[in-house]
Amino acid sequence: MAKIHIKGFILQLIAQTDGMWENEIAASVCEEYGRPGPYWQGAVRVTLSDLYSGGLITSLEERFDAYGDKMRFRFGLSDFGRQRMADTGLL
Amino acid sequence: MTTAMQAKAAFRARSIRWGFIWALWCAVLWGAWYVPGAAIWQEQPFVAMNMDDPRQFLTAAAVITTLNAFSVLLFLFLWLIVLEKFRDFGRTVVQLRRISKWYFAAAIFGGPMAIFGSFLAMGYVGAVFAAIAGLLYPIVGATIARLWYNEKITMRAALGILVIIGGGVAIYAPGILGELSSASASQSSWIGYLGGAMAALGWGVEGALAGRALDVTDPDCGITVRFTAEVIYWLCLVMPALALFGDIDVIHLLLDALNFKAITLLLLAGITFGFCYVSWYKSFPLIGVGRGQAIAALYGAFAVVFLAAFTLQFPAWNFVVGLALVVGGAFLMYTEKSDVLEVVRAL
């Protein structure tokens with residue numbers, strides 16, 4: 001079966017779990033689409049900020065990554081995100 | 001405050017800042033588009049046409065808009081190839097029934113409806129009226145986004161939108177009274193007013209429709225789907241209709257436009273309009289359709305600046321008043337506390 005678009009895949013990935021750390025999400029996307037490297041990991045993070053700002057996913061847990069000087073989030077699907085996925089045939 | 005809390009606040013502020021940066025880029029590029037967008041009318045074959053005849057003017061407008069959409073799509077394809085997202089575009093466009101239908105609908109409103117409406121307003125009332133009518137679109141976009149998917153339009157954001165629009169009106173105000181009084185003498189001026197309403201409604205509705213599809217799709221792929229749809233509409237519906245039912249030979253007009261100077265201007269128009277749209281669509285998920293559209297409406301000020309830089313015709317004093325208002329309106333929105341904006345929807 002043809003692969004779904006990446007943002008849809010990310011939503012489906014999060015929907016199957018009760019929360020996923022962003023580096024796990026990035027690793028799954030890079031593996032699924034055969035796109036390793038920091039560029040695609042960054043691209044997944046940008047997509048996650050879009051989804052978070054739009055309220056489709058929520059942050060369940062945060063930790064500060066002092067090594068990367070960045071915030072790391074564990075994201076879960078919101079009710080709104082679930083509804084939007086249903087609207088667009090992603091569930 | 002703990003380090004984690006500070007880092008979370010910084011992350012939030014960064015997302016919002018990027019949303020505003022993208023919307024501001026949209027305004028800059030939209031303003032820059034007016035230079036090739038205005039210059040193309042002075043090139044063959046358009047310069048030889050009689051623009052006082054509404055049929056010739058509207059046919060030329062349709063041909064220019066078709067070629068502009070083509071040029072935009074060319075640059076968007078290039079953009080996707082550079083970003084390595086072309087395959088993801090393919091995966092997005094095929095989901096016609098569930099997802100890309102929203103982009104196809106957005107293209108009707110933002111393309112033929114808004115752009116053609118804008119040309120009608122220009123042709124039957126005047127360019128100043130068309131500019132002001134176009135600037136009203138964030139009111140439509142913000143209202144639909146608020147009612148349809150509960151976007152947070154705070155009092156402060158609403159005030160910012162109104163101040164920016166007021167600034168836009170101040171920039172173009174001096175010409176409007178003359179245009180309105182001369183239009184009132186003409187029996188066909190209602191077509192121009194209808195065109196003005198089509199422009200404001202078209203761009204406003206486009207943003208709201210696109211905002212819905214952008215929830216679940218990548219903005220770079222989404223905007224390319226939207227322009228693919230627009231090219232299909234112009235090339236497969238509007239151009240054949242004009243060729244069959246119009247009294248001007250559009251096929252020759254299209255072919256005659258493929259000269260060096262016109263192609264150069266069309267490529268410049270494509271690159272500015274294309275990336276203006278990329279920035280517009282990237283800002284929506286981060287700061288919402290209402291704010292993204294309002295900041296993008298600063299294009300009214302940038303258009304005057306770019307046209308002044310290229311034509312050396314400098315604006316009058318009212319431009320400074322308008323500029324102060326649009327910048328003030330933008331600051332009003334930008335300085336809104338980031339905890340209000342953390343999530344752009346009231347869920």
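The expected span of a helix is 1.5 Å times one less than its number of residues. That rule is used in the first of these views of a predicted model.

**View 1. Helix H3 of chain A spans close to its expected length.** H3(A) covers residues 38-53, which is 16 residues. From first C-alpha to last, H3(A) reaches 23 Å. The rule, at 1.5 Å a residue, expects 22 Å. After H3(A) comes A:Gly55. The phi of A:Gly55 is positive, near 80°.

**View 2. Parts of both chains cover the buried residues of H3(A).** Which residues of H3(A) are buried? They are A:Ala43, A:Val44, A:Thr47, A:Leu48, A:Ser49, A:Asp50, A:Leu51, A:Tyr52 and A:Ser53. From chain A, the cover includes helix H1 (6-15) and helix H2 (22-32). Strand E2 (57-65) and strand E3 (70-77) of chain A also belong to the cover. From chain B, the cover includes helix H1 (3-39) and helix H11 (260-287).

**View 3. Chain A meets chain B.** How many residues does each chain bring to the contact? Chain A gives 24 residues, and chain B gives 22 residues. On the chain A side, H1, H3, E2 and helix H4 (79-87) each supply at least two residues. By class, the side of chain A that touches chain B has eight nonpolar residues, ten polar residues and six charged residues.

**View 4. Chain B has helices and zero strands.** There are 15 helices in chain B. The radius of gyration of chain B is 20 Å, close to the 20 Å that the globule rule gives for 347 residues, so chain B is as compact as a globular protein of that length. Along the principal axes, the C-alpha atoms of chain B fill a box of roughly 70 × 50 × 35 Å. Of the 347 residues in chain B, 54% are buried. Now take the contacts in chain B with a separation of 6 or more. Residues 24 or more positions apart account for 90% of them.

**View 5. B:Ser118 sits in helix H4 of chain B.** This helix runs over residues 96-124. Is B:Ser118 buried or exposed? B:Ser118 counts as buried because it has 24 C-beta neighbours inside 10 Å, and the cut-off for buried is 20 or more. Leaving out residues up to four places away in sequence, B:Ser118 touches B:Ala130, B:Gly134, B:Gly195 and B:Ala199. B:Gly192 lies 74 residues from B:Ser118 in sequence. In space, the two are 8.4 Å apart, C-alpha to C-alpha.

Methods:
Residues are numbered from 1 along each chain as its sequence is written. Chains are lettered from A and ligands numbered from 1 in the order in which they are written. This is a predicted model: local features need pLDDT of at least 70, side-chain atom pairs count only at pLDDT 80 or more; totals for chains, interfaces and linings use all residues. Helices (H or I, at least four residues) and strands (E, at least two) are DSSP runs, numbered from the N terminus. The radius of gyration is taken over C-alpha atoms; the globule rule is 2.2 Å times the number of residues to the power 0.38. A residue is buried if 20 or more other C-beta atoms lie within 10 Å of its own, exposed if 12 or fewer, and partly exposed in between; C-beta atoms are placed from the backbone. Two residues are in contact if their C-beta atoms, placed from the backbone, lie within 7 Å. Ala, Val, Leu, Ile, Met, Phe, Trp, Tyr, Cys and Pro count as nonpolar, Asp, Glu, Lys and Arg as charged, and the others, Gly among them, as polar.
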